Amino acid sequence: MSILSDIFKAYDVRGKVGTELNADVAERIGRAMAQWLPTEGPVAVGRDMRPDSGELSEAAIAGLIAGGREVIDIGEVTSDMIYFAVGDGKLAGGVMITASHNPGVYNGIKLCSEQAKPMSLEGGLGEIRDLVLANNFSDSPVPGHRTSRNIIEGWITHTLNFVEPDKLTPIKMAVDAGNGMAGAIFPTLEKHVPWQVTPLYFELDGTFPNHEANPLKFETLADLIKIIREKHLDAGIAFDGDGDRAFLVDETGEVLTGGVMSAMLAEYFLKKFPGSNIVYDARNSHTVPEVITENGGTAVISRVGHSLIKQKMREVDAPFGGEASGHFYFRDNWYADSGLIAAVIGLYVATLSGKKLSELRKQYSHYEVIPETNFTVTDKDGAIARIKEAFKDDRQDTLDGISIFLPDGSWFNVRGSNTEPTLRLNAEAKDRPSLDALNKKVAGLIQQA
């Protein structure tokens with residue numbers, strides 16, 4: 001496969017700046033998007049703060065206009081705002097220039113169609129790739145045009161519609177934007193909430209000079225945790241580079257994991273929509289389906305991946321879906337994910353409960369858990385075959401990789417990366433010794449020569 005083909009990943013475009021992803025490629029993607037989109041009408045274009053995102057955005061806009069599309073340029077925004085722009089504006093699609101939490105040497109492009117529907121290699125992105133590779137475009141006889149629009153206030157109003165803002169109470173917190181796009185958006189939210197915010201790294205800098213903007217790696221939260229403890233704050237929020245993921249940190253400096261947040265928000269939505277289906281991914285904590293069932297809902301499992309979860313939510317009309325990775329999805333947000341909405345609801349739940357975040361963390365932590373662990377392997381299928389054989393007497397499921405369920409309540413999931421020679425391990429157990437033993441055994445099977 002060519003380098004140009006390789007930058008089209010399972011759910012978006014990602015490549016090294018200049019050598020793999022440049023203005024020419026971005027313009028061709030814009031042209032392909034203009035041609036492929038099944039719905040007539042405007043396309044929103046947004047971008048993050050990376051040094052070359054402006055250039056790539058201009059190129060994509062030029063391609064869309066040459067293809068006859070009206071472009072609504074929404075400027076520097078978080079990725080969840082492109083979904084809002086498309087859904088709220090009833091647009092034909094959206095283009096977001098970002099590489100999310102990846103280091104600054106990378107950039108990327110996220111695409112969606114009408115109603116903020118995600119695009120993947122199986123659903124539109126593969127066809128966009130083929131059009132880009134063919135590079136056989138004709139200019140539209142009637143070129144499109146461009147307008148600019150500021151949607152920040154509309155986005156904040158939409159976010160606050162998920163709670164009752166007048167019930168929010170004063171909270172002292174720190175917010176780490178990681179030099180990413182949340183630093184440009186969060187100050188507008190502050191005008192509408194009674195929170196006292198200590199900002200960390202709100203300055204936009206796509207080279208990420210302070211730390212990698214990936215809160216799933218808890219080591220990147222060291223500065224946030226330090227200031228929470230030093231200032232005796234009530235909470236912290238850590239956003240990723242493009243702002244569509246957020247993790248809460250409690251007053252002791254402990255992180256509310258994706259599993260904890262999934263369970264907490266699932267209960268919140270089941271109180272709003274009793275008896276609903278709630279979607280969770282195959283690697284998520286088993287606390288999540290337990291809490292869903294305890295609260296009268298139906299737990300619906302999905303394969304990992306945002307387009308798969310959004311599709312499953314649409315199929316079962318779920319008001320909420322949660323991923324262990326910290327992506328949280330909302331039916332009333334066109335089934336799209338949002339870090340800001342998740343963080344606001346999480347703090348709202350804490351306010352209504354009268355509990356500290358540490359108490360909620362413990363309430364929604366039924367198991368000891370390891371962080372997702374990656375292993376580089378040359379033979380992924382062979383490693384999974386060894387695991388299946390070693391646990392042949394235990395219940396197994398192959399929805400996404402291999403999940404094994406042990407009689408003592410322990411379980412684990414091993415699944416392969418779509419793009420790398422990597423296996424990812426997630427595991428839970430009722431106590432730490434059982435988890436450590438399980439982790440050691442499975443890691444040994446994965447790494448066995």
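Before we start, please keep in mind that the model is a predicted one.

Let's begin with the helices. Two packed helices are described by the angle between their axes and the distance between those axes. Our pair is helix α9, residues 258-272, and helix α10, residues 287-294. How far apart are their axes, and at what angle do the helices pack? The axes are 8 Å apart, and the angle is about 15°. Angles under 35 degrees count as roughly parallel, so that is what we call α9 and α10. The crossing of α9 past α10 is right-handed.

Now, who touches whom? On the α9 side we have Gly 259, Ser 262, Ala 263, Ala 266, Glu 267 and Leu 270. They meet Thr 287, Val 288, Val 291 and Ile 292 of α10. Sorted by class, this contact of α9 with α10 holds six nonpolar residues, three polar ones and one charged one.

Searching the whole structure gives 13 aromatic pairs. A pair of rings is described by the distance of the centres and the angle of the planes. Take Phe 269 and Phe 320: their ring centres are 5.5 Å apart and their planes lie at 5°, so this pair is stacked. Where do the two residues sit? Phe 269 belongs to helix α9, while Phe 320 is in strand β13, residues 320-322. The pair therefore ties together parts that are 51 residues apart in sequence. Both Phe 269 and Phe 320 are buried.

One aromatic cluster is formed by Phe 162, Tyr 268, Phe 269, Phe 320, Phe 328, Phe 330 and Tyr 348.

Last stop: the backbone. Most residues other than glycine have a negative phi. Here are two residues with a positive value. Ser 100 has a phi near 55°, and you will find Ser 100 in the loop between β4 (93-97) and β5 (106-113). Is Ser 100 buried or exposed? Its relative accessibility is 4%, so Ser 100 counts as buried.

The other residue is Tyr 335, with a positive phi of about 65° even though it is not a glycine. Tyr 335 sits in the loop between β14 (328-330) and β15 (336-337). With 12% relative accessibility, Tyr 335 counts as buried, because the cut-off is under 20%.

How values were computed
Residues are numbered from 1 along each chain as its sequence is written. This is a predicted model: local features need pLDDT of at least 70, side-chain atom pairs count only at pLDDT 80 or more; totals for chains, interfaces and linings use all residues. Side-chain values use heavy atoms; hydrogens and water are left out. Axes are lines fitted to C-alpha atoms, for helices over the stretch in contact, and angles run from 0 to 180 degrees between N-to-C directions. Helices (H or I, at least four residues) and strands (E, at least two) are DSSP runs, numbered from the N terminus. Angles under 35 degrees count as roughly parallel, over 145 as roughly antiparallel, 65 to 115 as roughly perpendicular and the rest as oblique. A crossing is left-handed if the near helix is turned anticlockwise from the far one by less than a right angle, and right-handed if clockwise. Contact means heavy atoms within 4.5 Å. Ala, Val, Leu, Ile, Met, Phe, Trp, Tyr, Cys and Pro count as nonpolar, Asp, Glu, Lys and Arg as charged, and the others, Gly among them, as polar. Rings of Phe, Tyr and Trp (its six-membered ring) pair if their centres lie within 6.5 Å; planes under 30 degrees apart count as stacked, over 60 as edge-to-face and the rest as tilted. Buried means under 20% relative accessible area, exposed over 50%, partly exposed in between (1.4 Å probe, protein chains only).
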